[in-house]
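Please read these points with the structure open beside you.

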Amino acid sequence: MAFEPPRRLLRALGETAPDGDDWLEKLPGLAREAVESCALTVERVQVPGGRSSLVVLVRTADGTPAVLKLAPPRARPESERAALAHWGGRGAVHLLEQDTAEGVLLLERLHPDVSVRSLPEARALLEAAGTLRRLWVEPPGSHPFETVAERTGRQAEAMRAGADAGAEAAPLVRAALTAREELLAAPPAPRLLHGTFRQSKVLAGDRAPWLAVGPDPVVGDPAFDLARLVRDRVEDLIASPSGPAITRRRVKRLAESLEVDQERLRGWTLFRAAESGLRALRVGRPRDAELLLEFATWL
């Protein structure tokens, strides 16, 4: 099989490594080696697939449906492996093998075309929030995970550079950076977080109705994790004349349902929306940037 990477993956990798790297060149060989070492039968490459990995639908030697996932080092696949192992299938997709090659994950097969995003909005938020709650556990004692302070520190540096390039966004960036500093000054007890949680990251399963996939794990304030969920379906929010009011109600409802401080959730939602907006602008997605930055002004 050719293991042709989907266009979505090629586009996303081009944004994160505009000068390219050799992972894509090595990918066909890496995939073949993984299939052979795990004695897998390939069904097909999942399309459109993910933005940071090649996802292949396979069957194990005993015929069990599974997913083979291959990701470049910059996508932190070993961090994902460690988080999935720690969760042990609780709220998240189950890691079928611990000892696959670096950058290769063999996972439980969910229903890749059925996410909570397919549900009506109110129910989708409820189901997604319930799944996220199950992931917030104490991290292992000597964990390998990045902290919220470390991750957002890198992002803050890029935001400052972006604000210098675009004067219009400067006040919003200052507000977002100030919010980050205040939130980090008095953090709650740290938890292991999904890191990139949204409705499309929650898929239908067989052993549980909904399970999370594709974490980029981080340790810190649960409100940081929940913040990404607040802006789900941002295009619908922007199109609605009641968008700001809906957003405020969403912040309140999610904070109360997951017992997270409402102001902490508002602050992290502001930071993450502004950061994502500036990053979209930087990589040439002006429409996404416009939506995200407008959303951030509502906070």
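1. A charge sits over a ring if NZ of Lys or CZ of Arg is within 6 Å of the ring centre and within 35 degrees of the ring normal. R272 lies over the face of F224 in this way, 4.2 Å from the ring centre.

2. The model is predicted: local features need pLDDT of at least 70, side-chain atom pairs count only at pLDDT 80 or more, and totals for chains, interfaces and linings use all residues. Residues are numbered from 1 along each chain as its sequence is written, and side-chain values use heavy atoms, leaving out hydrogens and water.

3. Rings of Phe, Tyr and Trp (its six-membered ring) pair if their centres lie within 6.5 Å; planes under 30 degrees apart are stacked, over 60 edge-to-face, the rest tilted. The count is three aromatic pairs. F224 and W268 have ring centres 5.3 Å apart and planes at 90°, so the pair is edge-to-face.

4. W268 and F271 also form an edge-to-face pair, with 5.8 Å between centres and 85° between planes. F224, W268 and F271 form one aromatic cluster.

5. Is F224 buried or exposed? F224 is buried (under 20% relative accessible area; exposed is over 50%, partly exposed in between; 1.4 Å probe, protein chains only), with a value of 1%. W268 is buried, as is F271.
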